[in-house]
Amino acid sequence: MIDKLLGVLMMVFVFLFYMKLRAYGIERELGFAVIRAMIQLFAIAFFLGIIIGINHPLYTVSVLGFMIMFAAHIARRRVIQIPGLYRPAVLGIFFGSTIILTYSVLMNIFPLEARFIIPFGSMVIANAMNSTALALNRFVGEIKAHRYRIEAKLALGIPITIACKPHVRDSVRASLIPAISTLESLGLVWIPGTMSGMILGGADPIWAAQYQLFVSFSILVGDALASIISIYLATKVIFTKYHTFNEEIEI
Amino acid sequence: MLDLIWDHAVIYDSYFNWMGVGLQTGKIELKRELLRHAQLRVVDLYKRLGDKEVIRGVSFEVHPGERFVITGPSGSGKSTLLKLLNRLIEPDKGRIFLGDIDLLAMDVLMVRRLLCYVPQIPVMFEGTVRDNLVFAPRYLNIPISEDSLREAMRDVGLDPSYLDKVAENLSVGEKQRVALARALLIDPVYLLLDEPTAHLDPENTRILEELILELSREKEVNFIIVSHDMAQAERLGTRIARLDNGKLSIIKG
């Protein structure tokens, strides 16, 4: 297997070399991403082997906890404009994914066993991370663009939650677009991870499809919850309890 | 579905923020007529923004029926002072009284209904002129009839047929007047205008100035106006103050 992997890696480097030649300007970033992905994935595979071997709920849950923390860190870093958004991001991702994972464990769909819940959790958390980053990014952008409109509403005695409502709606909608288009193309354009994995492993396609639907819907719900919770908490950072813009934050 | 979640967040928010306000609102409504004849008293106000002390110990009084104009060079803190009165910015030190009510101890949303701030740039909300006018009253539970909308439009010198136009498509002068009508509809005790003619041509400036004088005389609206233009201050103000480097001095009246 490793020799075939080297083959595809060669292709990546040819591509990188071409981009370097043409001065695309992202070859450095891309190169780092490729190397980082390899190290991360091998490390996690090694690590997962151990965790699955131990299969103790405490370890499993702490792995998920670490994933959430890193996801929040990455999501926050993508919204570079204002500081103080780590907490909204981490809580959004935490609640968004925990609710779904708890449901899955309680219903015994993906039980609290490392080899089930960690892959499933990683899918939910990764998607929640993307939607949180998109939602917060869009929200900060909206607030920036409509600062004066929001201020005019506040000046009339309208509370923050009402003044921000159209912008919240736009941000949540924008954050869900990837999840929705994934759902639309499901099966037609691509057979997603869980289903292809199960089919590759020899499972009945109908059975695999049911699991896939559970995963896809879970991801959608997790995304929506994570976006709306993180935006709600972000309003607490951007604005003060006196219904004013927080002076300490440059918008 | 998402709207539903957000609305619940709103209810949760209002529950905690407004718990004490229900009582306060009732009291204010009773007192409203009294408040209309209440003087505004600002005592020793301080505000630091970044590393600059923008407002340094400002004290003044405004009496009902007055048009109090604050002039001064740009950057002297005029807008900041108005926003402090409306509590869009919280003061570091000092007190603001309306009659015998301490505005800094009161719920901030209530303060903004009593001292309504109209920003320098007239920003329209989403939708038509009608949407703009009913936005705040609908939320604040102020009953608004079609007639009162038409009257508000006439008060600011706009034809009621404008109600169904898309607000964003109006001219700046018209937007400024819609912004004024929007504020008048929530019936504030003092109306705070921040450079109301800064973005208007001479003709629209004249119209707006006449409008302010008319509203003040006939509707007994109390104005506090910020203007960098001394000639305009003379035309509009019954009393004029000058803000320089964060310090205020009365120069007329």
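Before the angles, I note how I take an axis: a line fitted to C-alpha atoms, for helices over the stretch in contact, with angles running from 0 to 180 degrees between N-to-C directions. I also note that this is a predicted model, where local features need pLDDT of at least 70 and side-chain atom pairs count only at pLDDT 80 or more, while totals for chains, interfaces and linings use all residues. Residues are numbered from 1 along each chain as its sequence is written, chains are lettered from A and ligands numbered from 1 in the order in which they are written, and side-chain values use heavy atoms, with hydrogens and water left out.

**Chain A overall.** I looked up the secondary structure and got ten helices and zero strands for chain A. Helices (H or I, at least four residues) and strands (E, at least two) are DSSP runs, numbered from the N terminus. The C-alpha atoms of chain A fill a box of roughly 65 × 55 × 35 Å along the principal axes.

**α9(A) and α10(A).** I took α9 (residues 193-200) and α10 (residues 205-238) of chain A: their axes come within 8 Å and cross at roughly 155°. That makes α9(A) roughly antiparallel to α10(A). The cut-offs I use are under 35 degrees for roughly parallel, over 145 for roughly antiparallel, 65 to 115 for roughly perpendicular, and oblique for the rest. My classes: Ala, Val, Leu, Ile, Met, Phe, Trp, Tyr, Cys and Pro are nonpolar, Asp, Glu, Lys and Arg charged, and the others, Gly among them, polar.

**α3(A) and α5(A).** Here I read an angle of about 20°, with the axes 9 Å apart. That makes α3(A) roughly parallel to α5(A). α3(A) passes α5(A) in a right-handed crossing. The contact residues include M67(A) and I74(A) from α3(A), and I118(A), G121(A) and M129(A) from α5(A). They divide into 13 nonpolar, five polar and one charged.

**Largest pocket.** What volume does the largest pocket have? I get about 900 Å³. Of its 22 lining residues, the closest to the centre are Q40(A), I44(A), M67(A), F70(A) and I74(A). Elements giving two or more residues to the lining are α2 (27-54), α3 (57-78) and α5 (114-145) of chain A. The largest share, nine residues, comes from α3(A). I count the lining as 16 nonpolar, three polar and three charged residues. For the record, a pocket is an open set of points on a 1 Å grid over the protein atoms alone where a 1.4 Å probe fits, with protein on both sides within 12 Å along at least five of seven lines, and lining residues have an atom within 4 Å of a point. Points are joined across faces, edges and corners, and the volume is the space filled by probe spheres set on them.

Conventions:
Left-handed = near helix turned anticlockwise from the far one by under 90°. Contact = heavy atoms within 4.5 Å.
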